[in-house]
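Please look along with me as I go.

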Amino acid sequence: MDLDLKQMAAMTKVIAEEKNLPEDVVFEIIEAAIAAAWRRDNGEREQNVRAKLNANTGEAEVFVVREIVDGEEAYNPVTEIPLDEAKKLKKDAEIGGVIEDSYMVTSFGRVAAQTAKQVVIQRLKEAEREVVLAEFEDKIGGVVTGTIMRVEPRIVRIDLGKAMGIMPQGEQIMGEFYQVGNRVKVFIKEIERDERGAQLILSRGNEGFIEHLFRQEVPEIENGTVEIKAIAREAGRRTKIAVKSNVPGVDPVGTFVGGRGVRVQAVMNEIGDREKIDIITWSDNASEFIREALSPAEVAKVEIGGDDKRAKVFVTEDQQSIAIGRSGQNVRLASRLTGYELDIELAKKVEKKPKKNIEDGLMSALEDVGE
């Protein structure tokens, strides 16, 4: 099996149309395959090799690239060249620059040709995935429905039709059961890119998913009557959502809860009944907002610190455990919701003065009159 470089160059347009990829991207993939094949036949694994293919003649030129280093310290001769040697090849050579050795390519052996084929297949798949994921760039922050394809210990793989996305453990709802074949709503969080390629990151556990669900249930958000000011969430456990009314006389909390709780129940039907939702009224008064955020606890007093976004919250002994919450959850979420570091402290008991005996009071009054 040999590589026909002229045929590969001619196939660029056909492959580009078939895979819905730009021609220059396909051409770069073919050049990368030629470089990999040449390295397999003539070079070493670590070598930095690039190739340039002439689309008209089918001739290829390969360049082995080495970085110019000072040569005083140990260096890798496969990828680096000392400055004194580089100057023999290139008079104006400088440290940090490169020296390229050029080789003309005429043919490849069977193994190298197989290597080139594998590179083309792999790179085409990566390029196709990039094109598909680029279509999702505009959908980041939105919610789509997908099918669960595979459930792994730390990742759930979800088919979105055109693309496959992953939902890492940290983006899942704690305690939620995922079954292969089930349809599921997911929030498109981001496209993560690294040396292994691009990956679509999905979520059901972030605040954006909750906000989207409420937007579906509360039409008053769209017309600006009410709005969501802040959300703090521990998926599968508890969510606190601060809401505000922009129209006098409209109760924001009641609007989000809905008649007989139908709106908040519709959201809970999607995320599961295990997760509690606290809907509170937002206030631009920090002290009032902190009081609301610590609901259902009753707060005796709030002392706001300086510019360090810290506040002392005083509660009575019977309200302390409610304010803190199980494993500190209530105060933790309230802190995230308000943006203040909250310190829960016990309020001092106000000692009531003992009432005077009524007879003593009467006698005292009579003595005053006698005088």
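This is a predicted model: local features need pLDDT of at least 70, side-chain atom pairs count only at pLDDT 80 or more; totals for chains, interfaces and linings use all residues.

Residues are numbered from 1 along each chain as its sequence is written, and side-chain values use heavy atoms, with hydrogens and water left out.

**Charges over rings.** I found Lys-139 over the face of Phe-136, 5.0 Å from the ring centre. Lys-301 has its charged end over the ring of Phe-314, also placed 5.0 Å from the centre.

I took strands as DSSP runs of E, at least two residues, numbered from the N terminus, and called two strands paired if DSSP finds at least two bridges between them. Strands β13 (residues 301-304) and β14 (residues 310-315) run antiparallel, joined by four bridges. Val-302 has Val-313 in β14 as its bridge partner. Five residues separate the two strands of this hairpin, and Lys-309 in the turn has a positive phi of about 50 degrees. On to the next pairing: β14 is parallel to β15 (residues 341-346), with six bridges, and Phe-314 stands opposite Glu-345 there.

**Contacts of Ile-158.** Which residues touch Ile-158, leaving aside neighbours within four places in sequence? With contact meaning heavy atoms within 4.5 Å, I noted several, among them Met-149, Met-164, Val-186 and Leu-202.

Technical notes. A charge sits over a ring if NZ of Lys or CZ of Arg is within 6 Å of the ring centre and within 35 degrees of the ring normal.
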